[in-house]
Amino acid sequence: MSLFADPRWGEALAHLPDYLGNHVRVSLAALALGLAVSLPLAILTRDRPAPRAILLALASIVQTVPGLALLALFYPLLLLVASVTLAWFGVSFSAFGFLPAVLALALYSMLPVLRNGITGLNGIDPALIEAAKGVGMTARQSLVTVELPLALPVMMAGIRTAAVWVIGTATLSTPIGQTSLGNYIFAGLQTQNWVFVLFGCFASALLALAVDQLLGLIESGLRQRSRWRTGLGTAGIAALVAATLVPTMGRSSQGYVVGAKTFAEQYVLSALLRDRLQAAGLPATARSGLGSSVIFGALKAGDVDLYIDYSGTLWANQLHRTDIKPRAELLAELKTALAKDNITLLGELGFENAYTLVIPKKRAEALHIRTIADLATHAPTLSIAGDYEFFSRPEWAALQKAYGLSFRTQRQMQPDFMYAAVASGEVDVIAGYTSDGLIAKYDLIALDDPRHAIPPYDAILLLAPKRSGDERLQAALKPLLGKIDITTMREANLRASGNDANSSPDAVAKWLWEKVGKP
Amino acid sequence: MPSRPMIGYAQITKSFGALKAVDDVSLDIAEGEFLAIVGGSGSGKTTLLRLANRLIEADSGTITVEGEDVQNVDPVALRRRIGYVFQSGGLFPHLSVADNIGITPKLLGRPAADIAARVDELLELVQLDRDAHRDRLPEALSGGQRQRVGVARALAAKPRIVLMDEPFGALDPLTRDALGDDYRSLHRKLGLTTVMITHDMTEAILLADRIAVMRSGKLLAQGTPAELSRSSDAYVLELLRTPRRQVARLNTLLPQSGAA
C-alpha cells in the first residue's frame, strides 16, 4: 500500500478534473467533426468506386502519419491560415491548442468511420435496396429508412474504433498547447515522475475503455434491435461526458498563462513564475509540455503570456542566424529583433543552458580529454547521442565544422535517459545541457568549447506583445532577473530529476524561491 | 381486344451490354387478368416485369399502364400504385411485420390510424394471426408467413395491379399450393390485374388465366393453356409436356377415388 501513500497521487488527482475535462472536450469535438465529415462522404461515395478508392487511400495515408507529427503539423498550418484571414478579412483566430488538436484528431478518426461506413452500406443485400425502390421509396427515403438502419451496426463498429483512437491520440495534443491527459505523461516523462506517467496512462486507458464499452453496448443494441441496450449505452455516454465536462465549465478567465517547454527545467521555472505572479495577486496558470517551435508562436499570438527561452535557441530558430556572436552582442541584437515583433525581452535569469558535449569523468581522465578538440581525435571510434532536435540544429553543424567531428554512430534519445546511458557506457558521448543536474549526479563532465562553436544560451524571460506595458506583471517578475546562477539551477534540476515527493516541479520551484528570493 | 389494356408492352427492347434481355416484345394484359410469364433463367421474364414499374428502363418501345405511357409518370408515384411481391419476400429485416406492410401507405403520407387499421385488415386477408404476428420481425416468421406478409405489403396501398417475381418459388409444395390458391382468390375478390413470373409451367397453368412464354428475350407464345397446347413452337410444347407427364404419372400412381 506504500505505493499509494506517495503524495504525488494526490497531486495527480487534483489535476484530474482539468486534464480529463479538456481531454474529453477535445476528443468529443474531434470525433463529432470526424463523423460529420466522414459519414456524408461514405454515403456519397458508396457506389462511386473511383472517388471511394481515392478517399480511402487518403485516409489510410493520414493514418500512417504518426499522431504526434500530425498534431504538430496542424499548428504551423493554422498559423498560416490565421495570418491569411487576418490580412484578407481582418479576423484572426488562435492556432494554438484546441483548434489544431481537434482538426488533426478529426482527420485521424476518418479512416475507420469511412471504411466501415462504406462496408456497411455496400454490404446490404441488393434485393432489399430493390425492394425499397419497389415499394415506392425515393433514393433518400431508401437511404434513411432502409440502408442506414441496416448498415448501422457495422458503422457503429467503425465509430467505436475511431473513438478509441481519438481518445488515445489526444494525449499527444499536449505539445501543441491543448491540455489533455497527456499532460501527466509528458510532465511525468520529463521530470521522471513515474506516478504521473502511470496515472496519465491509466486515466486515458480507462476513459478509452469506458467509451468503447458503452459504444459497444449501443452497437449490440443496434445489432439485436434492443432499445434498452441502445438507450443504456447512450445514457452512459451522456453521463460520462457531463461528468467530465461540468467541473471545468465554470472556469472562464485563467489570467496569465505561463508557458513551459517539454523538459524538467522548464516545468520548474514555469511553476516559479506562476507562483511569483500569484504572490503578487495576479491570477496565473502554467501551460506545460509545449513544443519548442509551438511555444514561441503561441507567445507571439498572445496565447501564452510569458515563458523562459534561451538566447541561442531564438538566435538560430527564430532569427535563422548561423553566425556566432559574443554573449552581450547576441543578447542586444536579439532584444532589438524581438522588439520588432513587440515581444519584450525582460531580462536574463542569470544562468545559461547551452548544449555541451558530456562524457563520464573517469573516461575523460583515462583518454586525457578536456575539450571538444581533444575529443575530436577519438570521435571516429565513439558513439554519440543527442535529443530529438540536436542533430538537425545549427550548433551541431557548427561543432562538426569547427572541430572536424565525426562519430562512429549517432542516435536520438529522450533527454532524461541520455545521462544514464552515457554513465552506463551505452553511448560514449552525449549532447547534454550545461544546467542539467544529472551531470553532477552521474559524475560526468561537460567538455570545454575553446573555439566557441556553440552560441551562448542565456535563459531569458519573454513577455507577449499584449503584456509589453503591463507594469504589475513586470514588477512581479523583476526580483527573479539575474538571481539564478548555474550552480543553483543545476541543483534545482537535480532535485527535479529525483523520483520522490520533493521532486515535483511545484516543490522544486518553492525550494528555488526560498534560495534566491532572499534579498 | 375491345378495351384498352391495363398494361401494354409495344415493341419493347432492353439490352444489358451485349446481351439482349428483352427483344422486341409486344404484350397486352387486360384488366382483371392473371397472366403468368414462364421461361427459364436468363429468358428475360424478370426484366420484362420490372420494366412495368420502371425498376428498369426500356431502350426502345412503349409501355402503358392504365393507358398512360410510363415515361410520362413519375417512377416513384408509379411504383406506389403498383403492388410488387418480391422473390423470397424482400421484407425489411429491421422493421416489424406491421411496419413492413404499412410502408407504402406511410410513404403516401396516410394517417397512422388508417395505416394501423389497414394493416389489421390485410393480416386477416392473407390469413395471418394479427396478435401473434403484427409486431414480430421478419426473421421470426416461416417462409410461407413471410411471403404472406409480402403479399399483404404489395396490397397495402390498394393497387389495381400486382407484379409478382417468382413469389412462391422458395416454398415447400404444400405451402406453395395453399398460398397460390389463397392469392388466386384474392386476385378475384379484389379485382386485381396480376402479372406473375414463374419457371414452373404447372404453377402457371393452375393459377393463371393466360400464359406468356419467353426464351432468350423473345416472346414465343401467349394464350390460355388450351391455346398454348396448339402452338407450333417446339419449346412451348416441351414446356407443356412436363405437366402432362406428371398428370399421367399421378393418375397411374394414385387411386382415382380416395381421401385426396
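Me: Two strands pair if DSSP finds at least two bridges between them. With that in mind, what makes E1 (residues 7-16) and E2 of chain B partners?

Reply: Seven bridges join E1(B) to E2(B), and the cut-off is at least two, so they count as paired. The two strands run antiparallel. As an example, Tyr9(B) has Leu27(B) in E2(B) as its bridge partner. One caution: this is a predicted model, where local features need pLDDT of at least 70, side-chain atom pairs count only at pLDDT 80 or more, and totals for chains, interfaces and linings use all residues. Residues are numbered from 1 along each chain as its sequence is written, while chains are lettered from A and ligands numbered from 1 in the order in which they are written.

Me: And what makes E2 and E5 of chain B edge strands?

Reply: The open sheet has the order E2-E1-E4-E5 in chain B, with antiparallel pairing. E2(B) (19-29) and E5(B) (68-69) each pair on one side only. Strands here are DSSP runs of at least two residues, helices (H or I) of at least four, all numbered from the N terminus.

Me: Why is E8 (residues 429-433) of chain A called largely enclosed?

Reply: Five of its five residues are buried, so the rest of the structure largely encloses E8(A).

Me: Which strands does E8(A) pair with, and how do you know?

Reply: Count the bridges. E6(A) (residues 383-386) has two, running parallel to E8(A), with Ala385(A) opposite Ile430(A).

Me: How do you know whether helices H21 and H22 of chain A are roughly parallel or roughly antiparallel?

Reply: H21(A) (residues 486-496) and H22(A) (residues 505-516) pack at about 155°, their axes 9 Å apart. Under 35 degrees is roughly parallel, over 145 roughly antiparallel, 65 to 115 roughly perpendicular, and the rest oblique. H21(A) and H22(A) are therefore roughly antiparallel. Residues touching there include Ala492(A) of H21(A) and Trp511(A) of H22(A); contact means C-beta atoms, placed from the backbone, within 7 Å.

Technical notes. Axes fitted to C-alpha atoms, helices over the stretch in contact; angles between N-to-C directions. Contact = placed C-beta atoms within 7 Å. Buried ≥ 20, exposed ≤ 12 C-beta atoms within 10 Å, placed from the backbone.
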